[in-house]
Amino acid sequence: MDAAPFLPPVFDAHVDSLQRAVDLDHDLGTLTSGHLDLVRGREGGLASVVFVSWVDPAYMAKGPGSARRRTDDLLDAYHVLVENHPEQVRAVVDGAGLDSAREDGVIAAIAGIEGGHSIEESLEYLEHYHRRGVRMMTLVWNNHLSWVRSCQAGAGPEIPDGLSSFGREVVQRMNQLGMVVDVSHASEKAFYDALEVSTQPIVASHSGCAAIHSHVRNLSDAQLRDLASAGGVVGVVFCTSFLDGDAGALERGERESEAYRALSHDNETGLFHLQADHLQATLPPLCMERVVDHVLHAVEVCGIRHVGVGSDFDGIQRRPEGLEDASCYGHLAQALLRRGLNEDDVCAVMGGNMARVFRAVTA
Ligand SMILES: [Zn+2]
């Protein structure tokens, strides 16, 4: 009889699947379309996962309270998921929760927020989300805020280079509350400001290595080293356009095509997934070895204890071949073994390292 394939417990530091629950009425406790649900997660060895609430910045234009309401709607979906499927998943807020979920064989679901615009410049809102179970927040998404600059171009003169004094307060309050500070999407200065202010290790939950592909969403070797020196972890992302320049160019080209432009749906999340399916079906696959390249480079620069996984499933469109959905994490683990990591090291990357930071910060 063949031995079962190596399948380490996975801690995925960033997925966007809650939007499907809210906008498309998908029950993530059942087999769905899209990239991640609990059924496929279990198949792939998913032990812990950060379900983020990401709010389209368009909500900010709808007036005060709109971004918060949308964040709460997404958080409601997180709580409904764990309430409806206790045999599969549990809401977890600390290391003890990780342990008990593991003992009972259920997935540890951690609530996160992607983008500080959800707090609408209010520490009270931050505290409100903490009370609702949020234990990780990506300080900024691709939209610049009055208190933190994103990695994207186009910031006006009113935007600080890094964190403003209020931005520093946000990081301090997150430290006090026991929330993991996430610097994916942050400008280089905001990254370093967060590193300087935070008394706890921080993470870049879903990013890649700029040395392999120079992209605004990836981290330089200096950033990787400094993140690791402060005890942090980078979660390598599965987004093909961040991983590989040629893949990004192909995608940009396809987005100009008539077939792509003709796609339509009655809500943005539905359209996003139609586009994802189109790109996945139309373009030649990106080899999974490219993900391995990023992981191994990060390991070389940061050390084995400072690299993890943040797929960004349901928040990205085209995925690498063999990593199309949450049933596939084992393929990455097996590829890392083939490329020379031992089983302990692969376990650290696939889950152990992120879990360590989550435990430390939420303790
Ligand atoms: Zn993101």
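Aspartate 16 touches a set of residues beyond its neighbours up to four places away in sequence. Val52, Trp54 and Glu114 belong to this set. So do Asp312, Phe313, Asp314 and Gly315. The model is predicted.

Now look at its charge. Aspartate 16 is buried, yet it has no salt bridge. The nearest side chain of opposite charge belongs to arginine 217, and it is 8.6 Å away. A salt bridge needs a side-chain nitrogen of Lys or Arg within 4 Å of a carboxyl oxygen of Asp or Glu. Aspartate 16 does have a polar contact, with histidine 14. The two side chains are joined at 3.5 Å.

Go back to two of the contacts, Asp312 and Asp314. Aspartate 312 is found in the loop between strand E10 (307–309) and helix H14 (329–338). Aspartate 314 also lies in the loop between E10 and H14.

Are these two aspartates buried or exposed? Aspartate 312 counts as buried because its relative accessibility is 6%, and the cut-off for buried is under 20%. Aspartate 314 has a relative accessible area of 3%, so it is buried.

Their backbones deserve a look too. Most residues other than glycine have a negative phi. Aspartate 312 has a positive phi of about 65°, although it is not a glycine. Aspartate 314 is not a glycine either, and its phi is positive at about 70°.

Conventions
Residues numbered from 1 in each chain as written. Predicted model: local features only at pLDDT ≥ 70, side-chain atom pairs only at ≥ 80, totals over all residues. Heavy atoms only, no water. Buried < 20%, exposed > 50% of the residue type's maximum accessible area, 1.4 Å probe, protein only. Lys, Arg positive; Asp, Glu negative; His and termini not counted. Polar contact = N/O pair within 3.5 Å; in protein donor to acceptor, adjacent residues only side chain to side chain. Contact = heavy atoms within 4.5 Å. Helix = DSSP H or I, 4+ residues; strand = E, 2+ residues; numbered from the N terminus.
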